[in-house]
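Here are my notes on the model you sent over. I have put them as numbered points so that you can follow along in the viewer.

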Amino acid sequence: MVTLKEALQMAPQEVEELKKDLNRKAKEMKELGGYVEQFLGKDLTSKGEGVPIAIKDNINVEGWDITCCSKILQGYKAPYNATAVEKLLANGLSPFGRTNMDEFAMGSSTETSCYGVTRNPFDPERVPGGSSGGSSAVVGAGLAIAGLGSDTGGSIRQPSAFCGVVGMKPTYGRVSRYGLVAFSSSLDQIGPITQNVEDSVILYNIIAGHDPKDSTSAPVEFKPVQLEEPGKRKFKIAVVENYIDEASPEIRNRLWEVVEALEKEGHQITGVKLMNSKIDVATYYILATAEASSNLARFDGMRYGHRIEGKGLKETYKLTRSQFGEEVKRRILLGTFVLSSGYYDAYYLKGQKVRHLIKEEYRKIFQNADLILGPVTPTPPFKIGSKKDPLEMYLNDIFTIGANLTGVPAISIPVGKTSDNLPIGLHLIANHFQEETLFNGAYTIEQLVK
Amino acid sequence: MEYEVVIGLEVHVQLNTKTKIFCSCPTSFGERENLNTCPVCLGLPGALPVMNREAVKKAVLFGRAINAKINKRSIFARKNYFYPDLPKGYQISQFEIPIVENGELFIEVDGEEKRIGITRAHLEEDAGKNIHREGYSVVDLNRAGTPLLEIVSEPDLRSSDEAIAYLKKLHAIVRYLDISDANMQEGSFRVDANVSVRPKGQKEFGTRVEIKNINSFKFIKQALEYEIERHIDAYEDGTYQEEVVQETRLFNSRTGETRSMRGKEESADYRYFPDPDLLPLEVPEEFFSLPIPELPDEKRRRFMEEYKLKPYDAGVLTAEPELAQFYEEVVGAGVDPQMANSYLSVELLGRLNKKNIPITESPISAQKLAQVIKRVADKTISGAGAKKVLDKLMEEPQLEVDEAIEKLGLKQISDPAVIEEMVEEVLEKNGDKVEQYRNGKTKLFGYFVGQVMKASRGKANPQLVNQILKTKLDG
């Protein structure tokens, strides 16, 4: 597949050819299930002219269906563009193809989509990760040049690690959330999913920047990230030892190899320990579900989406909202519970306090480090249907959640394969708004492991 | 047994910003259904709120006007509940830290001034409206997202009169500040009342009942009085425990009664939590130094001093800023302040109220009213004539004052020589009565006045007639 950098040099005619080609290939590789259109037997949805970018099904593109891969939003067409989409269009990029995801971005395997599962491009028996599994799978399978995903607890980075691509979550507030269907407003960020770090920078530079339509968008001047020659800068890298040790043997060994290689190249490596990663998961599932329970209240069938008419208002609400899948229902219930009077202090408020502690922990590490290095996932991609227990599924995010809770930028880059030819990802985190450091670190490692 | 009434009021005031509180849709009233909407106020997936600075400014002005503490940093929270007129499934409001806290205002009942505490005033968005039709309902979201200031009083009010005085004062303040139209019929000034009654001397409050959404001062008074009586009757009958329960009641303006809204109230859990879509609200420093216009209390005091008006009259004239302004325009045109007061408060307002016309749309301008009063003062017309002129001007607003006087033929005869002639004629014709008068039947004086006025077809200046008659008869 051509890279984004190359595609941006292509003549309009070539781009049109490329789109036709993608359409043809998407039909051939229907089984992948990376695009929603692959389930529906339709052409890839397209808007505007220019280099095609795959768009996750929770980002508004004017005139497109937007369903968050949920039954409840069937038939709803977006009447406006997300700010990120406006920026793509303004920069000669064209939204092209709706990518599959876990329903309302709740999941780590893309198994909860109402359309069906997406398969891992390296092993069709395995999941692509999630919730942006569709975007990562189509980029990994050569069905897209690049895509946009959203990341609330690892939803860009984890599937990118599983699909052998580069997935990046910007600093909270760096990319406008306007037009991204909210899962957890204080954690969500849109980010690029690409074939390599250079493309990630290109796409990131296009979508980043202050947006007056998003009150949580950082009112800071945005300077596009520049990549330096790899290896030129020597980084101070904090390696999260306890995280690496918690990962499965092949991931653990590969990451230690990379760390060793970095040290040899003259980068300064220090070992750090982060709080028990289970605390991150507990905090995340309190705060994210609390916000989600409120964010998803608007899907009541009154104004849009798929309503199931009942006798009277209450029954109509019940029937309509029963269309949510199991995982979404579970999280709405959990979030409703932690916000309920009598439990608010014990859960939500405590969760906020722990979130501060976690931020403090990161702040301290960044006093002496440019980057934090660790695994993206505890294991390589798992088999479809193998994780029945939701808690077991939640543990997939243990290493990525911290970046959302603290708001710092993070990236997942492929650094090798397991003996089963499954991709291994490496997780790199930088301090708030230090995307330039993050990308340069990632670029250095990418070139090093080539 | 003596009882004490305890009332606390919650008033929702729609702020008169041009656009909604979290989006740029207009707030105009009476538009076609769902015209004033956008992705934000429709609660479409992915849309986000952005705070309207004007609403913040108005809230701060209010806080300063009631001598309150303004929180430089306040928090927006989500109040979660389902209702078709609530597009997001939650209302963005303020919960733990409101923008305005600990204010006060002063009311006067039976000549006594009393301080009423204002616990808090917070910013929030209004909901839309459910419209019920035969067999189905529709939702109009034009109002959704209109900025509201919810003003909560302390339970300091002890009677329905105090409650009304408080509401009128609050109404005047928001109108003076120009932060709201405060039109009760259009719902831009909505009142919920909390009432309880306890035996005098009892420390604990009685059971609190909330009466919702009453849309005129008259009805609020009726509702409160009905409710107070219900509580007292229950005490007297020994059925207080059963009859008076903590609940929400609705007032029926047709029957003048309140009735329970729901059977057994489920206490709603709104699951408030800070809205992650909005940063804490920081009040811009410059809002603390914005000028505050002259407020009703100040203006009233000034009217009493400057125009030597009685407290009651000054109160009437300053209840609405437009009325006060109208009065000052009349006086400013060079009219005696007392005459201006009686012609405005009695004659003009009486005529406007009869036709339900607000002072702002009065067909008789301040300049014209002043002109009418001047014509009385310079004796061109009589007081009775002035009333006819005002009636005429109400009907034909295009007429000038002098044209109306001319048309009505009301120009007074104020030439003493002419009047003297008429007086003599009348006395001549009634020689017998003159005789009787001079013999002590002085009651007949009125008869002579009447005869002269009749002879002049009402145009003779009555004071002159009196004068001349007196000299002729007594002199």
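A word on burial before we start: a residue is called buried under 20% relative accessible area, exposed over 50%, and partly exposed in between, with a 1.4 Å probe and protein chains only. This is a predicted model, where local features need pLDDT of at least 70 and side-chain atom pairs count only at pLDDT 80 or more, while totals for chains, interfaces and linings use all residues. Residues are numbered from 1 along each chain as its sequence is written, chains are lettered from A and ligands numbered from 1 in the order in which they are written, and side-chain values use heavy atoms, with hydrogens and water left out.

1. Tyr343(A) is partly exposed because its relative accessibility is 39%. You will find Tyr343(A) in the loop between helix H12 (326–339) and helix H13 (345–367) of chain A; helices (H or I, at least four residues) and strands (E, at least two) are DSSP runs, numbered from the N terminus. Together with Phe337(A) and Tyr347(A), Tyr343(A) makes a nonpolar surface patch of about 260 Å². Patches are made of residues with over 30% relative accessible area and no salt bridge; nonpolar side chains (Val, Leu, Ile, Met, Phe, Trp, Tyr) are joined within 5 Å and like charges within 9 Å. The areas come from the Shrake-Rupley method with a 1.4 Å probe, and for residues only the protein chains shown count as cover.

2. The negative patch on chain B. Which residues gather in a patch of negative charge on the surface? They are Glu229(B), Asp233(B), Glu236(B), Asp237(B), Glu242(B) and Glu243(B). Asp and Glu count as negative and Lys and Arg as positive, with His and the chain ends not counted; each charge is placed at NZ of Lys, CZ of Arg, CG of Asp or CD of Glu. Helix H3 (217–237) and helix H4 (240–243) of chain B each supply at least two residues of this patch, and the largest share, four residues, comes from H3(B). Asp237(B) sits in helix H3 of chain B and counts as exposed because its relative accessibility is 59%.

3. The overall form of chain A. Chain A holds 16 helices and ten strands. Its radius of gyration is 21 Å, close to the 22 Å that the globule rule gives for 450 residues, so chain A is as compact as a globular protein of that length. That radius is taken over C-alpha atoms, and the rule is 2.2 Å times the number of residues to the power 0.38. The C-alpha trace of chain A spans about 70 × 60 × 45 Å along its principal axes, and buried residues make up 62% of the 450 residues.

4. A salt bridge between chains. Asp277(B) forms a salt bridge with Arg177(A), with the closest N and O atoms 3.0 Å apart. The pair crosses from the loop between strand E15 (273–274) and strand E16 (281–282) of chain B to the loop between strand E4 (166–169) and strand E5 (189–194) of chain A.

5. Salt bridges within a chain. Glu257(A) and Arg254(A) form a salt bridge whose closest N and O atoms are 2.7 Å apart. Both lie in helix H9 (residues 249–264) of chain A, three residues apart, about one turn of the helix. Glu257(A) is partly exposed, at 46%. On chain B, Asp378(B) pairs with Arg375(B) in a salt bridge at 2.9 Å between the closest N and O atoms. Here Asp378(B) is partly exposed at 40% relative accessibility, whereas Arg375(B) is buried at 18%.

6. Backbone points to check by eye. Most residues other than glycine have a negative phi, and most peptide bonds are trans. Phe104(A), not a glycine, has a positive phi of about 50°; Phe104(A) lies in the loop between E2 and H5 of chain A and is buried at 3% relative accessibility. Lys379(B) also has a positive phi, near 70°. Its place is the loop between helix H9 (366–377) and helix H10 (383–395) of chain B, and Lys379(B) is partly exposed at 36%. Finally, a cis peptide bond joins Gly130(A) and Ser131(A), with omega about 10°.

Conventions: A salt bridge is a side-chain nitrogen of Lys or Arg within 4 Å of a carboxyl oxygen of Asp or Glu.
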